[in-house]
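User: I'd like a close look at one part of this model, with the helix packing as the way in. Could you tell me what touches what there, and then carry on into the neighbouring strands and beyond?

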Amino acid sequence: MRINKENILARATLTLGVIVGSLLLAVSACSPSSSPPETTSNGVLHPHTWPKVTSPVSKDPNTEAHINALLTTMTIKQKVAQMIQPEIRDFTVAEMREYGFGSYLNGGGAFPNNDKYASMEDWVELADKMYVASVDDSLDGSTIPTMWGTDAVHGHNNVIGATIFPHNIGLGAMHDAELMEDIGAATATAVRVTGIDWLFAPTVAVVRDDRWGRTYEGYSEDPAIVRDYASAMVRGIQGVPGEHFLNDQKAIATAKHFLGDGGTQYGIDQGNNLASEQQLINIHAQGYISAIEAGVQTIMASFNSWHGTKMHGNQTMLTDILKNQMGFDGLVVGDWDGHGQVPGCSNSSCAQAINAGVDIIMVPTNWQAMFHNTVAQVKSGEISMARLDDAVRRILRVKFRAGLFDGVSPKARGIAGNHALIGGDAHREIAREAVRKSLVLLKNHQQLLPLAPAQNVLVAGSGADNIGKQSGGWTISWQGTGNENADFPGGSSIFDGIQAEVEKAGGSAELAPDGTFQQSPDVAIVVFGENPYAEGAGDIESIEYQRGNKRDLALLKRFKTQGIPVVSVFLTGRPLWVNAELNASDAFVVAWLPGSEGSAVAEVLFTDSNGNMQYDFTGKLAYSWPALDDQVVLNKGDKHYAPLFEYGFGLSYGDKSTVSLTLNEEAANPLIKDNSQPMVLFRTVAQSDLAFFLGDQASWAVPVATSVVTTQGSDNLTLRTENMTVQEDARELSWQGKSLARAFLGWSEPKTIAEYLASDSALTLDIKVSQAPESRVALGMLCGDDCRGSMDIQSTLANLPRNEWHEVSVDLQCLVNAGAKLNNITAPFMLESAGAVKLSVANIRLQPQAATSATIHCQ
């Protein structure tokens, strides 16, 4: 599942996204190192050319008879209710009792009671209440049990204390399908402990353009690995048919996203796939073929289009090919409001998606309208009874196979509420093995590695002691942001592991993220890389690492000039152009996004105290590594294939390091700063390395890591995610008027935005006022302790029509006049009030040439 989505540059519509993407790729598409777009098809599909697939889970005549008998007793409303899937933040147990939804979900960053720290008991309690309400026929007349689905994409990643496995890109580097099955089984167990029935995993995308923000969710650019891993994960999650299949420690698996999400043009999330039909079969369908062969029970439709046709509305793909030709008899679930992107549809009405073959409509917020509209469409004949019955039959079939009709509530199921199985030693050891096997050694000059532990070791870099960063997106929160080490009880940072290895051998380990040290080190281990992100926000323009802001490179070079050997440990969700960082490192290890068990990294880097190797490097690249920053499409088998490190590369100890010590550092597409373009601060999620915070007297910097967050002193200020044009692209802010409280977008270190003053910029945002302010509302910026510049916008807000979106802007010069120091900005956006007010914000940016037309201007 995904939660909704916005491309960094454009994602309100596919057309705009493709236009922007073409501008971004204008240079690189002409490079001899880039493969041309796959455009060898006219968009016509031929179902008979697709493979026939046999599932090991056959239809049981008795079950089918039960289903047919049940269908004859069900009303249209009861049948439609089976197809509606709301989200826990947007419906209640009472509404489950009233409607009898066939399923429901928790999206990324959604928790029981809106509590990030919800206990095991809280999860199970909610599951039990929903189940009991679903089988209560007092209002809806139905006793059909519901089922709960969750995005457990690298472990049960929504739950505090669960083991977080490496993201798929790291798992692909293991080349170990047997371990994948163990990971699938461990994840299913953790999910069942919390009373949940259904995993929206595995992702079986085959990634073709590494600018895609979901690259780390793909196991490999090689469909062979994806095929092997898909079946292994399905077996691990569901069990082998005939052998403990879907028992109390197993869960329903979902292969996603059907079809071609990893092959969109320019890597734009939810974009357009232009592969030929044969390429769809040979590349993008391989994971689904093997998943069906392993007995997968659900498949999720994708947001992307194929030659302009949205998958949620593609009847040939979903019905003629997947269900009829490939023989899939499970259910097809839609993605988060994905039906709303089908032409002629909205989030609350889409007969087209149902007719195309989507059996369960994931409609988190607009479920009530979707329910009533679908009932009306069935009654009018726009959706046939045959299609309705087919969808419900598939849903019931999966429920029967999963044992949901056995009459056992979640609380009473096998392992529900068993604390020992969430983050227990057995699961953590599986994760540690996965971490060790996923590490890829790209450079080892003069055999610097493995390190002797009895040394003075400096551990530097922003990722050194940061479990949230090493875990990446889809970790507790949707984007993986706002998490602290304390949010990972039982987990370990990479520094934790290094410190343990070094100190038990009599050495010393000093943690210094900024690289300053008290004692001259024998070696510096620098852990750095991408900050967490998920879909939409993760899409990038360039694969150059830290383009325009080479702070990590500066740290590496500082050690090099001091004669200190440098081991780089790179945290990343995709291959990136890091030639300069490679040149500044004596050894370079790609750790990908290893998850909660960072200590396993140190077990490979260091020998034991006797100088014996503990674990060798065995990881091999499952993605080709770029030699140039314009190699955005770089896959083995390409016509012009010239990577820096080929697919399958990975050194072991004793191997000679072959990479040049003086790699080219000149970018083919260097960043040219253009202050005539807006600086986006927030679009769906915080941009430009920013993060949202709330503050009041109890704490002035509470990180926003979930969909609902309040200030620490009380419920003085509450932030909630909201929809403006797409899912969760806005933030609702509610002040209670108890004391001064603020919301702000903050950087971890001050930055300069002085150049935007010269371009006559304004701080601009979209605002919707739900409750007029009763006192001053300050809009501005923070620039350090006792440094700020802000303007009162109370009267502006009071005059805006209620519950409508409007653009509000403040001339940057006004903020300077009010005290903002633009060369030392810590928060480029801040809203503050001591009085009650309720408003929503979206699309926050510095807009050049907007000062004189700003709502508040000082020119």
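Analyst: **Helix packing**

H3 and H15 lie oblique to each other, a label for angles that are not under 35 degrees (roughly parallel), over 145 (roughly antiparallel) or 65 to 115 (roughly perpendicular). This is a predicted model, so local features need pLDDT of at least 70 and side-chain atom pairs count only at pLDDT 80 or more, while totals for chains, interfaces and linings use all residues. Residues are numbered from 1 along each chain as its sequence is written, and side-chain values use heavy atoms, with hydrogens and water left out.

Two packed helices are described by the angle between their axes and the distance between those axes. For H3 (residues 76-83) and H15 (residues 385-401), that comes to about 55 degrees with the axes 9 Å apart. Axes are lines fitted to C-alpha atoms, for helices over the stretch in contact, and angles run from 0 to 180 degrees between N-to-C directions. The element names are DSSP runs numbered from the N terminus: helices are H or I with at least four residues, strands are E with at least two.

The crossing of H3 and H15 is left-handed (near helix turned anticlockwise from the far one by less than a right angle; clockwise would be right-handed). On the H3 side, the contact (heavy atoms within 4.5 Å) uses Ile76, Lys79, Val80, Gln82 and Met83. H15 brings Met385, Leu388, Asp389, Ala391, Val392, Ile395, Leu396 and Lys399. By type, that is 9 nonpolar, 1 polar and 3 charged residues. Here Ala, Val, Leu, Ile, Met, Phe, Trp, Tyr, Cys and Pro count as nonpolar, Asp, Glu, Lys and Arg as charged, and the others, Gly among them, as polar.

H3 is mostly covered, with 6 of its 8 residues buried (under 20% relative accessible area; exposed is over 50%, partly exposed in between, with a 1.4 Å probe and protein chains only). The buried residues in H3 are Gln78, Lys79, Val80, Ala81, Gln82 and Met83. Of these, Lys79, Val80, Gln82 and Met83 also take part in the contact with H15.

H15 has another partner in H2 (residues 61-73): that pair packs at an angle of about 130 degrees, with axes 10 Å apart. That makes H2 oblique to H15. The crossing of H2 and H15 is right-handed. From H2, the contact takes in Thr63, Glu64, His66, Ile67, Asn68, Leu70 and Leu71; H15 supplies Asp389, Val392, Arg393, Leu396, Arg397 and Phe400. The tally for this contact of H2 with H15 is 6 nonpolar, 3 polar and 4 charged. Asp389, Val392 and Leu396 of H15 turn up in the contact with H3 and again in the one with H2.

**On to the strands**

Next, a parallel open sheet: 3 strands in the order E2-E3-E4, where pairing takes at least two DSSP bridges between two strands. Its edges are E2 (103-106) and E4 (198-199), each pairing on one side only. E2 and E3 (residues 147-150) are joined by 4 bridges in the parallel sense, and Tyr104 has Trp148 of E3 as its bridge partner.

Thr194 counts as buried because its relative accessibility is 0%. Leaving out residues up to four places away in sequence, Thr194 touches Met120, Trp123, Val124, Ala127, His156, Val159 and Ile422. Its C-alpha atom is 9.3 Å from that of Leu126, 68 residues apart along the chain.

**Further along the chain**

E13 (residues 456-460) has 4 of its 5 residues buried, so the rest of the structure largely encloses it. E13 runs parallel to E14 (residues 508-511) over 4 bridges, with Val457 opposite Ala509. E13 also pairs with E15 (residues 523-529) in the parallel sense, again over 4 bridges, and there Leu458 stands opposite Ala524.

Finally, there's an antiparallel open sheet of 6 strands, ordered E21-E20-E25-E30-E27-E28. E21 (699-703) and E28 (788-792) are the edge strands, and neighbours are turned by 25 degrees against each other on average, direction ignored. E25 has 6 of its 6 residues buried: Ala741, Ala743 and Leu745 point one way, and Arg742, Phe744 and Gly746 the other. E25 (residues 741-746) pairs antiparallel with E20 (residues 691-696) over 5 bridges, putting Phe693 opposite Phe744. Another 5 bridges join E25 to E30 (residues 827-833), where Ala743 partners Leu831.
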